[in-house]
Amino acid sequence: EDGKLYRWDLVSNTFTESVVLTPGIGEAYTPTLVGPDGQVYAINNATLFAVGASVVGVPPRPAVSVLALSRPQPNPFHALTTLRFALPSAVPVTLEVLGVMGQRVATLWSGEAAAGEHSVRWDGCDAAGALRPAGVYFVRLVTPSAVRTQRVVLLH
């Protein structure tokens, strides 16, 4: 009802991502997912339902064993790139975009993140919402114990 689609992590019982929906898209959407136990779940009128029997042949997601920041996809990009990272345990995280001189362009995630895989999108804009010039940028994932960096190229 707030124009956002939320990803709920059944293992950690937390929201792991939210996406703002384009007006007119998604109103008839019935959120469904396959839980870590292989059970299919659906949400209808703010109520979570288990749907039918467990899905056969869907193995539970393996636990993440190492901290990882994947390459942005696509890269180079024009309008939007997806940044994925994985955490072996719940930790405070900062995911930020830096310019080539190391200046902070935007902070995409700041705060506690659950163990597991996460996905965040960057639209090429800075913290004020202004589109950045084409060029090379760096995505940096910072946790209390490690830092990971990936290069991303913004095209216009």
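Rings of Phe, Tyr and Trp, with the six-membered ring taken for Trp, count as a pair if their centres lie within 6.5 Å. Planes over 60 degrees apart make such a pair edge-to-face. By this rule, a search of the whole structure gives 3 aromatic pairs. The legends below describe a predicted model.

**Figure 1. Aromatic pair of phenylalanine 85 and tryptophan 109.** A pair of aromatic rings is described by the distance of the centres and the angle of the planes. The ring centres of phenylalanine 85 and tryptophan 109 are 5.4 Å apart, and their planes stand at 85°, so the pair is edge-to-face. Because phenylalanine 85 belongs to strand β7 and tryptophan 109 to strand β9, the pair ties together parts that are 24 residues apart in sequence. Phenylalanine 85 and tryptophan 109 are both buried. Elsewhere, Phe77, Trp122 and Tyr137 are linked into a cluster by ring pairs.

**Figure 2. Overview of the chain and its strands.** The chain has 12 strands and 0 helices. Along the sequence, the pattern therefore reads β-β-β-β-β-β-β-β-β-β-β-β. The chain has 156 residues, of which 30% count as buried. Taking contacts between residues at least 6 apart in sequence, 44% join residues at least 24 apart.

**Figure 3. The open sheet with the order β6-β7-β10.** This sheet consists of 3 strands, and the pairing is antiparallel. At its edges stand β6 (68–69) and β10 (116–122). Each of these edge strands has a single partner strand, so one side of each is left without a neighbour in the sheet. Strand β7 covers residues 81–87 and pairs with β6 over 2 bridges, in the antiparallel sense. Opposite alanine 68 is alanine 86 of β7.

Figure 4. Apart from neighbours within four places in sequence, serine 89 is in contact with Ala113 and Ala115. The C-alpha atoms of serine 89 and alanine 114 are 6.6 Å apart in space, while the two residues are 25 residues apart in sequence.

**Figure 5. The hairpin of β8 and β9.** Strands β8 and β9 run antiparallel and are joined by 8 bridges. Between the two strands of the hairpin there are 5 residues. Glycine 102, in the turn, has a positive phi of about 90°. Glutamate 96 has threonine 107 in β9 as its bridge partner.

**Figure 6. Salt bridges of glutamate 96.** Side chains of opposite charge can pair when their charged atoms come close. The count for this structure is 2 salt bridges. In one of them, the side chains of glutamate 96 and arginine 104 meet at 2.7 Å, N to O. Glutamate 96 has a relative accessibility of 3% and therefore counts as buried. Arginine 104, with a relative accessible area of 55%, is exposed. A salt bridge also joins the side chains of glutamate 96 and arginine 140, at 2.5 Å, N to O. This pair links distant parts of the chain: glutamate 96 is in strand β8, and arginine 140 is in strand β11 (residues 135–142), 44 residues apart. Arginine 140 counts as partly exposed, because its relative accessibility is 28%. Through shared partners, the salt bridges join Glu96, Arg104 and Arg140 into one network.

**Figure 7. The largest nonpolar core.** This core has 22 residues, and those that touch the most other members are Phe85, Val93, Leu95 and Trp122. At least two residues of the core come from each of β7, β8, β9 (104–113), β10, β11 and β12 (147–154). Leaving out neighbours within four places in sequence, the contacts of phenylalanine 85 include Val93, Leu95, Trp109, Ala113, Val120 and Leu141. Phenylalanine 85 is also in contact with Ala68, Leu69, Gly116, Glu117 and His118.

Terms used: Residues are numbered from 1 along each chain as its sequence is written. This is a predicted model: local features need pLDDT of at least 70, side-chain atom pairs count only at pLDDT 80 or more; totals for chains, interfaces and linings use all residues. Side-chain values use heavy atoms; hydrogens and water are left out. Helices (H or I, at least four residues) and strands (E, at least two) are DSSP runs, numbered from the N terminus. Buried means under 20% relative accessible area, exposed over 50%, partly exposed in between (1.4 Å probe, protein chains only). Contact means heavy atoms within 4.5 Å. Two strands pair if DSSP finds at least two bridges between them. A salt bridge is a side-chain nitrogen of Lys or Arg within 4 Å of a carboxyl oxygen of Asp or Glu. A nonpolar core is a set of buried Ala, Val, Leu, Ile, Met, Phe, Trp, Tyr and Cys residues joined through side-chain atoms within 4.5 Å. Rings of Phe, Tyr and Trp (its six-membered ring) pair if their centres lie within 6.5 Å; planes under 30 degrees apart count as stacked, over 60 as edge-to-face and the rest as tilted.
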